[in-house]
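Hello,

Here is the structure I promised to pass on.

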Amino acid sequence: MAADCMDMGFYISRDLGNTWNCLHPHDSLRPTTDLNYTYIGVAKKDSIIFAVPYGGNLWRSTNNGISWSKSCSYGVSKITIIDNNVFIFNDKNLYRSDDLGLTWSKIENFNTTNDIIQEVKACGNNLYVLTDNLDSSLYISTDYGNTWSAILNNKVFKQPYAIYDIIWN
């Protein structure tokens, strides 16, 4: 289990939450000596943990958080994983790594010319991207980001609206 706690650090439990240890990917990420990290995203696949501290660098651990290395610095906002594909985004761009964070490529066919990417989430093998500008749109990819379909946009509600998060049952 892993948890990010605002201004308190990044914690990991190896015993289903009975005990917790604070882990920090790299001390140079600490803005000041007396202020802890604010994490905006964490993800885990097998023994690989990804952490996105405030500031947007993506850190990767291959040994359950014992040591860390920088995976990329695209100004990352959030992270999600489907199989061995890791997806990250910043305001305008969506990136994919098909080798668990060793290399990255921009997903070129996701056009966000006028939109800001607000959220990226996975459910099963589907990838969902929520955008926002004057109105929100929700897109789905069933093939790891190779193709996209809009499944919700302003035409559904016939008025401006905003979606802030996605959950499913």
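Below is what I found in it, from the whole chain down to a single residue pair.

First, the ground rules. This is a predicted model, so local features need pLDDT of at least 70 and side-chain atom pairs count only at pLDDT 80 or more, while totals for chains, interfaces and linings use all residues. Residues are numbered from 1 along each chain as its sequence is written, and side-chain values use heavy atoms, with hydrogens and water left out.

Of the 169 residues, 42% are buried (under 20% relative accessible area; exposed is over 50% and partly exposed lies in between, with a 1.4 Å probe and protein chains only). Among contacts (heavy atoms within 4.5 Å) with a separation of 6 or more, 35% join residues 24 or more positions apart.

The largest nonpolar core has 14 residues (a core being a set of buried Ala, Val, Leu, Ile, Met, Phe, Trp, Tyr and Cys residues joined through side-chain atoms within 4.5 Å). F50, L58, I79, V86, I88 and W104 have the most contacts inside it. Two or more residues each come from β5 (48–53), β8 (78–82) and β9 (85–89), and β5 gives the most, with three. A second, separate core has 12 residues, including L94, F110, L127 and W148.

Strand β8 also belongs to an open, antiparallel sheet of four strands in the order β8-β9-β10-β11 (two strands pair if DSSP finds at least two bridges between them). β8 and β11 (105–106) are the edge strands, each pairing on one side only. Five antiparallel bridges connect β8 with β9, and K78 stands opposite F89 in β9.

Which residue forms a salt bridge with K78? The partner is E119, with the closest N and O atoms 3.5 Å apart (the criterion is a side-chain nitrogen of Lys or Arg within 4 Å of a carboxyl oxygen of Asp or Glu). K78 in β8 and E119 in β12 (residues 116–123) are 41 residues apart, so the pair links distant parts of the chain. K78 counts as partly exposed because its relative accessibility is 29%, whereas E119 counts as buried because its value is 7%. The structure holds one salt bridge.

Best wishes
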